[in-house]
Amino acid sequence: MQAHASLKDIARKIGKLPTLPGVAIRILQAMRREIPNIREISEIISSDAPLSAKVLQVVNSSFYGLSNQITSVHQAMMYLGMNAVKNLALSFSLINNFSNKTNGCFDHVQFWKDSLIGAVAARLITEKANKQHGENAFFLGLLQDIGMLIMSQSMPAAYGEVLAKARSNGTALHEIESALLKFNHMEVGEYITHGWGLPPAFSAPIGAHHAPERLSQPSGDIEFQAKILHLSSLYIDLFNHANHHPSSAYAPIEKAMSAYGMTSAVDPYAIAEQILADIKGIFPIFEIQVDEKEYIDIIETSRNELAELTTELVDQVHTQSQDLERIKLQLGLDSMTQLNNHNRFLENLQHEMRRAIRYNTPLSIIMADIDHFKSINDFFGHLAGDHALRCVSAQLKLMLRESDQIARYGGEEFAIILPMTEPGDAMKAAERLRKGVESLKLRYNDKPIAVSMSFGVAAMESAREVDVEGLIKKADEALYEAKNTGRNKCCCYRAQAPQPATPPIATVMVIDDEEVVLVTVTKMLERLGYAVIVARSGQEASDRFHPHTSKIDMVIMDMVMPDIGADQLLGIIRKNHPATKVILSSGYSLAHVESGNLLRHTDGFLQKPYQLAELSNVVRAAIAT
């Protein structure tokens, strides 16, 4: 914001501050508590049946890509975290509260289309650049231009003149607003959101989203979020049908990404195409129609005209129908490796399993995982990790048959479908792939990188009584065996004789933001006889540790979580459950860990990756003390 005189001027001209609906106010009040109660917030959202139904629609849509159906708001919070669900609820409340207002000079439908595009863009960019802020990005993106809506309602005649001049003038809207009204929609947005009780981490980025360099008191988080909003506003310009020269819209996006140091993490073209994929599912839930063909035309026109200017993509210009088909294909590919993505793999596996059942033919799958991949990122950097992923992907694809189908399943994990293949032949194929990856001579910045992989093989049984999830689970168990018995090897699924049920020895919570760690450690602990609870973020773990939580005997927590420091999380655990044992884990050795004081207040340490025997010894020793 500018001077305090500007604040007074805004308050005088806007008059009565627009209020939020009651449910939104109650949610914000609950969030301001020292330790927000996840059950209280879920009950507030659930008390509004239409609101909770909309939230669950989004949670179960392709926007989040969850494998399990979520049936309650509380369950959604367990899976996605309290902030993500809270922000969805506030988003619906906000749109519902302002959608029925009318103003002849202001296009409300286009405004909410643009706002949702900005919300989706902010979330996608944040996931690539810094996941720590991902939960708030969608709501921030939705709110960034709320000042325009408030100004159109509070001063319709004056703002109508602003819009008329903007339509006939190439000057940025916020500059025209400042010239004619002495303040702009960024300042109004900051003022309004502050008045609603949102924290400075929300209101300050909104107040500078077209010009992050103008932040009066920039901090690391606020400045980063202002830059994300700036980029998302440029994507709004790209998608806005009023933009008659879409090819020029990519230039400021690329320039801003370069200035913000995000070019290595964020592909501007892939983000645009993913925005289109996401809004196709999101718009209908918010009761907004999707102008799919128009948006596709904008993306493709932008890409192709820019290609002509740079002389790089001229040979790729095809007919419109071919372009549309290529986009559909691209949506099923992983942008980094150009292999099939997770969703496309599941679709292909479902198809191949049906065909194998129909014609009574064999079918096998392989789940594969790069060994010690986190160490590559830790010691060589994430760009080296990306380089390794691309090289391994190319090697695997090169060594497979044309009929085989490979996908990047997630992170450093790959999945391969082998049609017409018996388990024995699938094991031979896996061993061939293992040797091929092991023989790779990778280098990054003149430094050699040793890479190996573990492989798990599973096949459809003759009885055919297995679904997609069941077949993947079998291959995943075989992969777990390969990793737990030494890595850099291949294992085939073997059915285990049913074991009599026994009560768990104790309950252990595993806190880690890496999915492969959670899956692996959970299986190890369950094999040892422990009941396991997982938390994918520090916030999710913190939500579980309130005084009335059922007993948790032990916590195994990663020392570096993206959202809450280990010392802060340890304090929450000790305050609410002082008897809980805490084991720290890290990819670095104990000699390299600079948290001696933290280690003295915990009950053990595990260096990742660790074997089953090591985990068993540390956990049993801690529980016994």
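Residues are numbered from 1 along each chain as its sequence is written, and side-chain values use heavy atoms, with hydrogens and water left out. Because the model is predicted, local features need pLDDT of at least 70 and side-chain atom pairs count only at pLDDT 80 or more, while totals for chains, interfaces and linings use all residues.

Helices (H or I, at least four residues) and strands (E, at least two) are DSSP runs, numbered from the N terminus. Five strands form an open sheet in the order E9-E8-E10-E11-E12, with parallel pairing; two strands pair if DSSP finds at least two bridges between them. Strands E9 (531-535) and E12 (605-607) stand at the edges with a single partner strand each, so one side of each has no neighbour in the sheet. From one strand to the next the twist averages 20°, where axes are lines fitted to C-alpha atoms, for helices over the stretch in contact, and angles run from 0 to 180 degrees between N-to-C directions.

Strand E8 (residues 507-511) runs parallel to strand E10 (residues 554-558), and four bridges join them. In E10, Met-554 is the bridge partner of Val-508, and Met-557 is that of Ile-511. With E9, E8 pairs in the parallel sense over five bridges, and Ile-511 stands opposite Ala-535 of E9. Five of the five residues of E8 are buried, so the strand is largely enclosed by the rest of the structure; buried means under 20% relative accessible area, exposed over 50%, and partly exposed in between (1.4 Å probe, protein chains only). Thr-507, Met-509 and Ile-511 are buried on one side of E8, and Val-508 and Val-510 on the other.

Helix H24 (residues 515-527) packs on the sheet and touches E8, E9 and E10, its direction making about 165° with that of E9; contact means heavy atoms within 4.5 Å. E8, H24 and E9 make a right-handed β-α-β unit, that is, with the strands pointing away from the viewer, the path from the first strand over the helix to the second runs clockwise. Helix H26 (residues 566-576) lies across E8, E10 and strand E11 (581-586), at about 170° to E10.

Rings of Phe, Tyr and Trp (its six-membered ring) pair if their centres lie within 6.5 Å; planes under 30 degrees apart count as stacked, over 60 as edge-to-face and the rest as tilted. The count by this rule is three aromatic pairs. Phe-345 and Tyr-409 form an edge-to-face pair, at 5.7 Å centre to centre and 85° between the planes. Phe-345 belongs to helix H19 (residues 342-359) and Tyr-409 to strand E2 (residues 405-410), so the pair ties together parts 64 residues apart in sequence. Phe-345 is buried, with a relative accessible area of 1%.

A nonpolar core is a set of buried Ala, Val, Leu, Ile, Met, Phe, Trp, Tyr and Cys residues joined through side-chain atoms within 4.5 Å. The largest has 93 residues, and Ile-45 and Trp-112 are among those with the most contacts inside it. Another core, of 29 residues, lies apart from it and includes Ala-368 and Leu-433.

Lys-182, in the loop between helices H11 (173-181) and H12 (185-195), has a positive phi of about 75° although it is not a glycine. Lys-182 is exposed, with a relative accessible area of 58%. His-372 also has a positive phi, near 50°, and is partly exposed at 38% relative accessible area.
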